Amino acid sequence: MSRNKWIILVLVLALAVVALGACGGQATPEVVEKVIEKTVVVTQVVEKEVEKTVVVTEVVEKEVVVTPTPEPATKVTLNLNLGTEPPTLDPALATDTTSIAVIGGLFAGLTWIDVETNEPVPYLAESWEASDDLTEFTFKLRQDNNWVKYNTGTGEIEVQRPVTAHDVVYGVKRTLDPRTASDYAYVLYIIKGGEELNTADLDALSEEEVQALLDGVGVEALDDYTVKFTLADPAPYFPAIASMWVAMPMPQEVIEDKQERWIEPGIIWTNGPMVLVEWAHDDHLVLEKNPNWWGADDIQIDRIEYVMITEASTAFAMYEANELDSAGVPLDEIDRVKSDPVLSKEFHSAPIPCTYYYGFINTKAPVDNANVRRALSAAIDRKGLVENVTKGGQIPANTFAPEMIFGSAAGDPDIAPWALPEEMGGTGYDKAVEMAKGWLQEAGYNDGSELGTITLMHNTSEGHARIAQAVAAMWKDALNVDVAIENQEWKVYLNTIKKDTPIEEVPHVFRLGWCADYPDQNNWLNEVFNPEIGSNRIRWNNQEFAELMRKARASLDPEERKALYKRGEQILVDEEAAIAPIYYYTTVTVTKPWVTYRTWGTVGPPGHHLWKIDWEAKKAALGLK
Amino acid sequence: MLQFVIRRIIWTIPVLFLVTFFTFALVRAIPGGPFDFAGDKSLPPTVVKNLEAKYHLNDPLWQQFCSYLIGDAVCRPGKQNGVASKGVLLGDLGPSFRYRGRTVNDIIATALPISAQLGFMAVMLGMLIGIPAGIIAALKHNTPIDYTATFIAVLGVSISNVVLGPFLIWIFALKLGWFPVATWAAEPLFSNIAEKYIAAGEQVPMWVNLIPKPTKEFFMHAVLPVVTLGTALSASLARLTRGSLLQVIREDYIRTARAKGLRERAVIVTHALKNSLIPVVTILGPMFAGVLTGTFVVEQIFAIPGLGRHFVTSVGNRDYPVVLGTTLVYAVAIVIANMLVDITYAWLDPRVRLE
């Protein structure tokens, strides 16, 4: 082969990398979208388990192990689709819904976000007390929770030792330790000394100074089963933070021994309702019930088999072939599912705590004028959009935070009634368009075309493109505004809309979504839009809003907090119309009739282990004995 | 011959170096970094700083490249913080930024064997159908057999895997229920070795994963993806074989062979066929290299945990070591494939000399 060929080869490879860079975005749906596609699988389970029994029998013959493993067919098995490989099972490092779904089954934190009420309830902590100024929280731990390990050799679940307050202290400090490099460490900055530790440059410090920083973190074990948190600021929402993965107990001896490999089956110690049995990367992951769990009697599911199928249409086909108990419905299939006599009964769309919104760059003319922003926001026919474009039963949004969040004012007609259809207490679209025209005139424009071309940007995705085209058409029809739609690959896009990008390079309008980390408005209004702390992509500087957020954060009275947040929403989406919320997300799924109880759109982990199935019915449907 | 192979291997070194260099430079030239955002949330600068320190992204670029090539021990002496890398030269492709706790070596050791199994079966199927079909079409030139074969081949080339895959699933998995819808069911042939590694919580080595146990389960799962991938390959092989054989048949030496009274069978098999396979072999090399290292679309549709998805998603995630690792695997595969192609040339065409 000649030299020229080599050069061409290198160039082709180089080009391939560039080309991949250009199209990689579609393959990586961001977190918001992944939430929606949660699913469930079934058949091969049984065959695989039969093979396993054979292995167990051999062991019995050789070593005469006393405990007989239950017959495979009697293991009540739930099959779910995770959608993608969980990037980690380490509670300190998890950031995405997939990892958190599995971690929620494996580990138990101090509190648990109830799957029905979305409020924090006692879990590993039996009870807790807060000081009057809400800066100190003392949690009393259960004494009957143990670390367990699944032995991949024998298939036994081995009890290691009790979970104590020291494990919680270790877990919190490990998350905050800059050497752990946890993405979500900043959630724990609310704990006194947390930010100091996480932002320290440990290489430049002596060992004593590092130790002093570690000791300075406001979490201590008063005794083996009591842990006290001292906070930097009052935080009425702290019990919700205590449910989060970053604050879970972690087994120090295993982590220090095995380093980053401690999350593999056979090594990992867990303290939750399930144990990790198998993790074939990118393929499947198996959890089994932890018989040592305090609530084991209430858990019907013996085994959860997760597959990782990214392609929604493939997962849906597996559901139709009875290989799945439940699946997300691809957009193209929604009309067929709704009209099918069988599938329509299995179809359900449930709200999840996420919001789809358009943000305005508040300093870029002509959307630097509040009346223009209001006019544009009001001219979006949200009802028409969810019924004809997204079709998943999404709910038109008139606020940023959806209903499940503490302090949310979703659907309250005091706020942006022009965003709501009449049956939800709003003005309806026709009136909203009249109001929009009025605001446009107030801003000094007789016709939308005088605004010049408005740039609307979204990250590359078919779904976002459809919505953007629909909104552009609405703006054109209602106000005669000219819209240029642009799209960029996800990470390029996020860089473009940062607050420090030169103003001529940012679009007028950008799209984003937001999902709850914990069910409190602090996680929404304050963390996203407070001009003084958040990423402030909308580039506003509303001091009244910042002041409201400060007050609400420190307030001890829940009713007062709700009122403050409601006022905040009013400023954000109505008076200033700094953003245009479009809809609250839903999860659109089909579920087999033998699933007798399932959870829907939770703020915390989805709690798959809480599901119940009519096992006889499922076996009959699959033709098993 | 041996001299040829050795010279080729020596030539590989600068090629792989340049591939590494360009990939390293280009992937870092794409806007956005691996730790800018967690989902929709931009991370505070303090947290990003910790992450970059851990993965040495705050070092100067030349130092990072040096570390990647020959390891931390040489390139950042005395600095023990973060994740240590031994360097590509010692076979350490580094940690994945996205899958915390997994290394690129782990990912490749798990995913590459699966892609290779799928790719190997697909190319075999492609050759088994494509080459004979092309030969028959050429020999029955301008007859209904030729037209039918050509039509099917054009159809096979035109129908993309994105269409064929779901179509096959719909018919054979949903309507007829003959095969499972998706997923891959390979268990290592040496399962006792694999189990030892699993029980110790260690990564199962690549060679153990490579050879599957020939179970019914395995083949049932393999049928639809192999047919999907193999159809497209066989179609392009058939067209190429037909075209090439038609050209060779018109050559003077074939007429000579016929004129000296050789039987038609001998003319075709010994004289025409061997020579006409040269373009086919040329394309088979990169084809093998391409499908053995993973095919994104088929793996995506059939939820097969191969290397193809890492090839594509790692760029979106800005998972630099995975981008580099997968590209290197592909480059090595291409280099080996092309070397084998060149050796095959010498065997097929006596005029070609390897010196």
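1. Thr228(B) sits in helix α10 (residues 216-249) of chain B. Helices here are DSSP runs of H or I with at least four residues, strands are E runs of at least two, and both are numbered from the N terminus. Thr228(B) counts as buried because 27 C-beta neighbours lie inside 10 Å. The cut-offs are these: 20 or more other C-beta atoms within 10 Å of a residue's own for buried, 12 or fewer for exposed, partly exposed in between, with C-beta atoms placed from the backbone.

2. This is a predicted model: local features need pLDDT of at least 70, side-chain atom pairs count only at pLDDT 80 or more, and totals for chains, interfaces and linings use all residues. Residues are numbered from 1 along each chain as its sequence is written, while chains are lettered from A and ligands numbered from 1 in the order in which they are written.

3. What does Thr228(B) touch, leaving out residues up to four places away in sequence? The partners are Asn161(B), Leu164(B), Gly165(B), Leu168(B) and Val298(B). A contact means that two C-beta atoms, placed from the backbone, lie within 7 Å. Asn161(B) is 67 residues from Thr228(B) in sequence, yet their C-alpha atoms are 6.3 Å apart.

4. Confidence in chain A needs a comment. Its mean pLDDT is 86, and 88% of the residues reach 70 or more. pLDDT is the predictor's confidence in each residue, from 0 to 100. Residues 9-70 of chain A fall below 50, but this stretch still has 129 contacts in the model beyond near neighbours in sequence.

5. Chain A has 21 helices and 22 strands. Of its 625 residues, 51% are buried. Among contacts in chain A with a separation of 6 or more, 68% join residues 24 or more positions apart.

6. Helix α15 of chain A (residues 429-442) has 14 residues and should span 20 Å at 1.5 Å a residue; the end C-alpha atoms are 20 Å apart, which agrees. The expected span is 1.5 Å times one less than the number of residues. Gly444(A) follows α15(A) and has a positive phi, near 100°.

7. Which residues of α15(A) are buried? They are Tyr429(A), Ala432(A), Val433(A), Ala436(A), Lys437(A), Trp439(A) and Leu440(A). Seen down the helix axis, the buried residues of α15(A) fall within an arc of 165°, so they line one face. The arc is taken over the directions from the helix axis to the C-beta atoms. These buried residues pack against α13 (370-378), α14 (382-390) and α16 (462-479) of chain A.

8. Three backbone sites in chain A deserve a look. The peptide bond from Ala365(A) to Pro366(A) is cis, with omega near 0°. Pro366(A) lies in the loop between β15 (347-360) and α13. Asn536(A) is not a glycine, but its phi is positive, about 45°. Its loop runs between α18 (525-529) and α19 (543-554). With 17 C-beta neighbours inside 10 Å, Asn536(A) counts as partly exposed. Ala577(A), also not a glycine, has a positive phi near 45°. It is in the loop between α20 (558-575) and β20 (579-591). Ala577(A) is buried, with 25 other C-beta atoms within 10 Å.

9. At the interface, 60 residues of chain B are in contact with 64 of chain A. Helix α1 (residues 2-29) of chain B gives the largest share of the chain B side, seven residues. By class, that side has 34 nonpolar, 18 polar and eight charged residues. Nonpolar covers Ala, Val, Leu, Ile, Met, Phe, Trp, Tyr, Cys and Pro; charged covers Asp, Glu, Lys and Arg; the others, Gly among them, are polar.
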